[in-house]
Amino acid sequence: MWGAGQGSSILDDLAFVYGFEETYNLGVKFRHETPRYRVEVGFFPSSGPAGGGISSDSSRYSTNISKADSYVPDGSRNDERNMLIGNVSYTLAATETVKLSATISGWLSTIHNFDTHADGSKRIFAASLTGSKGPWHAKTLVARQDIDPRNPGRNDMITVGGFDASYNIATKGTYVFGELGRSIDTGSLPFDVTPYVNYGRFFKDAAGFKDSERLDIGAVWSSKKSQRIKVYSEFLIGRNDPYVGAGQFISGAAQGGDGRLKKSILVIFGYSI
C-alpha cells in the first residue's frame, strides 16, 4: 500500500525497521491504474491489535507504533490512528527493453499517547525512481519522516514493535536508498538467478544520535522447471541496525548501538503450492 517499496530484500530494509514499508491494518483502499499511471489511496482508522505472544503489544507481522515492553529504556506507550496513506506512480518511459517510472508517496496519521492522553502526528513523504533496461534494474529513493509523539518524556524517539519484540526508533530523520541488480542467463542450469546490491541509510536529526545504515548483497534463485521453488540468500552488513548483529536491537534505530559494523547471513527457502 505504501508504494515506496525498497527493492529485492526478502525482509525489506531499514524502511521496514522504521515502520513505513507496509501496513497490515483494517481499512478501505482505492486504486486506479492506466497504462501510464497508478493511484492508490487508503484510510485505516486504527492499527490492528497485537496477537498472542509474550510481548505487551508487539505480536505483529510488521512494524507498528506500540506500547513498550519493560526492557526498553525510555520506552513510550503510543498508538497510531487515522492513517491516510497513498502513492502516485507515473511511467516516464516504456519500450520493449527500457522502463522508467517515478513515484511519490505520503503517510499521514495521528499518534495517541496513553500517558499524556495527547494526540501528536506522523508525517512521511517519499519520492523514488525505478528503472529497468534489459536484464538490469535499479531504484533510488529519498524519504522524510517527522513524528510528534507527545510523550511525557523524550520526544526524539518512539517505541515500535513487531514479531513479538519492541524497540525505539528516532522520530525525525531522512532516509536514502539505492539498489542495482541484474538477472543472469544460467543456460542449461535448472535455476535462474538475480543478484542485487542495495544500500540504505537513515540520517537522524537528533544531536548525538548515530545514523543507521545497511548494505545488502543478495540473490534470488528460482527453479526453471516448476517455478515454485525460490531461495533468497543475503549477506547483510549493518551499523546501528536492529536486525543485523548483536547489541543493536533496542536502541540501534534510535540513539544508535555501538557504532560498529555488524554482519549477518540470511537464507530463506520458499515453495509455493
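Strands β1 and β2 form a hairpin, with 3 residues between them; helices (H or I, at least four residues) and strands (E, at least two) are DSSP runs, numbered from the N terminus. The model is predicted: local features need pLDDT of at least 70, side-chain atom pairs count only at pLDDT 80 or more, and totals for chains, interfaces and linings use all residues. Residues are numbered from 1 along each chain as its sequence is written, and side-chain values use heavy atoms, with hydrogens and water left out.

**The hairpin and its neighbour**

- The pairing of β1 with β2 is antiparallel and rests on 6 bridges; two strands pair if DSSP finds at least two bridges between them.
- Within this pairing, H32 stands opposite V39 of β2.
- Strand β2 is also joined by 9 bridges to strand β4 (residues 78-94), and the two run antiparallel.

**An open sheet of 3 strands**

- The strand order in this open sheet is β3-β8-β9, with antiparallel pairing.
- The edges are taken by β3 (64-65) and β9 (165-170), each with a single partner strand, so one side of each is left without a neighbour in the sheet.
- Between β3 and strand β8 (residues 157-162) there are 2 bridges, in the antiparallel sense.
- N64 has G161 in β8 as its bridge partner.

**Salt bridges**

- A search of the whole structure finds 19 salt bridges; a salt bridge is a side-chain nitrogen of Lys or Arg within 4 Å of a carboxyl oxygen of Asp or Glu.
- One of them joins K29 and E40, whose closest N and O atoms are 3.2 Å apart.
- K29 belongs to strand β1 (residues 28-33) and E40 to strand β2 (residues 37-46), so this pair ties together parts that are 11 residues apart in sequence.
- E40 is buried, at a relative accessible area of 7%; buried means under 20% relative accessible area, exposed over 50%, and partly exposed in between (1.4 Å probe, protein chains only).
- D211 and R201 also meet through their side chains in a salt bridge, at 3.2 Å from N to O.
- This pair links distant parts of the chain, 10 residues apart: D211 is in the loop between β11 (191-204) and β12 (212-223), and R201 is in strand β11.
- D211 is buried, with a relative accessible area of 17%, whereas R201 is partly exposed, with 26%.
- A further salt bridge brings together the side chains of D258 and K262, at 2.9 Å from N to O.
- Here D258 is partly exposed, with a relative accessible area of 36%, while K262 counts as buried at 14% relative accessibility.
- Salt bridges that share partners join K29, R31, E33, R38 and E40 into one network.

**The surroundings of T110**

- T110 is part of strand β5 (residues 98-113).
- T110 and K122 are 12 residues apart along the chain, and their C-alpha atoms are separated by 6.2 Å.
- With its neighbours within four places in sequence left aside, T110 is in contact with D79, E80, R81, N82, D119 and G120; contact means heavy atoms within 4.5 Å.
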